[in-house]
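Dear colleague,

Please find the structure below, together with its sequence. My notes on what was found in it follow.

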Amino acid sequence: MISLVAATAAAVGALAACTADAVVGSKVIEPAGRGGTLTLLSAAAIPTLDPQRIGDPATGAMVGRTLHRTLTAYAPMAGEATQPSLVGDLATDTGEPSEDLKTWRFTLRPNLTWQDGSPLGCEDVKHGIARTFATDVITGGSTDALSALAIPRTPDGRSTFLGPWAQGDQAAAGQASFDQAVSCADRTISFVLAEPVADFNEMVTLAAFAPVKKDGDSGPDSGAASLSSGPYRLEGTWNAETGGLLVRNEKWRAESDPVRKANPDRIRITTGQEPGVIAATVLADDDTAKASVSLTPAPIALQQQVSSVEALRDRSLALPTGVIDYLAPNVTSPVLQSREARTALELSTHRSGYAVGLASPIGATPTASLIPDGLLARATTAVPVGEPDPTKARQILQQAGVAVPVPIRVAYREGPAADKAMSALVTGWREGGFDPTLVPIKDSYFGTVSAPGATEQYDVFWSNWSPAWGSASTILPPLFDASLNLTEAGSGRDYGGWSSVDWNARVGQIASMPDRAAREKAWAEADDVLREDVAYIALAARSAVHLAGSDVRGLAAHPYGGGAIDLGVAGVN
């Protein structure tokens, strides 16, 4: 057995010298066989398995491979593939768009069933989507359907459809609008969209678009789980604090499912243990730990130990989470409203110091773009304004007639790692001609920095973001389209208040481009515009290391699963 204390001490001693090259890459341990029990260990509670209530990408990835299928899905990565492949899941293919990309049709596979053997049909898919509109009771999940579907809105911007359980004349009118936007004809479901959405067939991979059995839904007070359409079903009840057991869904047919191998007979999910305890349990490799995987990433103090011992390295998988930390300069601030001042700020920002302070080079890698590696739109890693150079930054400020040092107030979400990472940026900023004041915010961080008046209090905002599916359309417009964000109610997610009429118009054009490769190339060009104007300063891409027992096989990354393992191919020896 490996001592957690000893491993931690050894790792901490070597931490400063380690590099990202020491981390195990995303590799597949030999293919899994069929049978046995796979145990998943999570430190965090998992509140629900209800698909419309799931917002966490890792939880969505877990239930999407076990309990809840969607119209389309990303197939497991195989061979030398560098891009995940979108395939039909419940649908026979990846959908048929109209020429204007405002109508999409999907045809369901024949003979689909729920875990109770009853038919799974078009109305069940429609009902699952309808649930997301009941925002007063169905909370936590994606609300993309609310913005995508062609359903009228009230003057205050709320959908006129309030979900399947609303009552009264207004509810009836809203239901009629929803029925026009989402309609069924035998096995074909059709969607009418408010605007062209070229990657709507990727949007429907989200758990919120999973079907829910219409005549089996217990209503707004439904529990943590619903009937399964996938290869497993919940045995007994789900407990958010302790977990539960998934067993085979006898009604699932492998020939109807191109995505999931369903290797284990059972999957036991255990929640509520400390991360260090989970890591020590898996590393010890005793008893049931041999067939265990840590859903919770290994503590940073252990990762160097794992990467330096071959026997442990073969039982680990380092995955990019897709989460990227960045800074949003306040373009309305008197001290950062000029591009020259923002350029100087970026030239004074040492990303490598931030990454080491945040987690070490193992858990965070410096990056110059909000578009993660692995997305088709990630065209370049170059920094438009150049590599950090505080001397040049000070010269730019002086040439622009800016009196130095420039006082800046920097808001960030308080926490031990964040405190250390943000402090690592201070020296570079001071050398570059700035006088920074770090302002840690503990409670309701994002609500605070997006509220009216926040741009009058702070000059720079820390934030982070990750894509919802495999497109930069889930990154750039949500963060920088002023028409979506900047209102009297606050800045939305555009914390720095950056706005460009021309850029917004270009975003609309890109969204209607039918060719995926051309569309993602255009997103890369839109990102270049943002980076050249220093609308944001990317800092670091986060990664996670998962540990597995010696009997685990088929350990691989889930495409766009927030750093989760792919349970579609995992299994035990």
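E235 counts as partly exposed because its relative accessibility is 39%; in these notes, buried means under 20% relative accessible area, exposed over 50%, and partly exposed in between, with a 1.4 Å probe and protein chains only. E235 forms a salt bridge with R233, and the closest N and O atoms are 2.9 Å apart. The term salt bridge is used for a side-chain nitrogen of Lys or Arg within 4 Å of a carboxyl oxygen of Asp or Glu.

The model is a predicted one, in which local features need pLDDT of at least 70 and side-chain atom pairs count only at pLDDT 80 or more, while totals for chains, interfaces and linings use all residues. Residues are numbered from 1 along each chain as its sequence is written, and side-chain values use heavy atoms, with hydrogens and water left out.

Salt bridges

Across the whole structure, a search finds 24 salt bridges. One of them joins R131 to D50, with 2.9 Å between the closest N and O atoms. This pair links distant parts of the chain, since R131 lies in helix α3 and D50 in the loop between β1 (37–42) and α2 (57–66), 81 residues apart. Both R131 and D50 are buried. A network of salt bridges links D50, R53, R131 and D217. E346 and R351 also meet through their side chains in a salt bridge, at 2.7 Å from N to O, and both E346 and R351 are buried.

Helices (H or I, at least four residues) and strands (E, at least two) are DSSP runs, numbered from the N terminus.

The disulfide

The structure holds 1 disulfide, defined as a pair of cysteine sulfur atoms within 2.5 Å. Its partners are C122 and C184, whose sulfur atoms are 2.0 Å apart. The torsion about the S-S bond of C122 and C184 is about -90°, so the disulfide is left-handed. Distant parts of the chain are linked by this pair: C122 belongs to helix α3 (residues 122–131) and C184 to strand β6, 62 residues apart. C122 counts as buried, at 4% relative accessibility, whereas C184 counts as partly exposed, at 26%.

The four-stranded sheet

Strand β6 also belongs to an open sheet of 4 strands, ordered β4-β5-β7-β6, with antiparallel pairing; two strands pair if DSSP finds at least two bridges between them. The edge strands, each pairing on one side only, are β4 (96–97) and β6 (182–185). Strands β4 and β5 (residues 103–107) run antiparallel and are joined by 2 bridges, and P97 stands opposite W104 in β5. The loop between β4 and β5 contains E99, which is exposed, with a relative accessible area of 85%. Helix α5 (residues 169–181) lies across β6 and β7 (188–192), at about 60° to β6. Axes are lines fitted to C-alpha atoms, for helices over the stretch in contact, and angles run from 0 to 180 degrees between N-to-C directions.

The six-stranded sheet

A further open sheet has 6 strands in the order β13-β17-β12-β16-β14-β15, with mixed pairing. Its edge strands are β13 (364–366) and β15 (434–441), each of which pairs on one side only. The twist from one strand to the next averages 25°. Helix α11 (residues 351–358) packs on this sheet and touches β12 (316–329), β13, β16 (460–465) and β17 (537–547), its direction making about 35° with that of β17; contact means heavy atoms within 4.5 Å. Strand β14 (residues 406–413) pairs with β15 in the parallel sense over 8 bridges, and R413 stands opposite I441 in β15.

Yours sincerely
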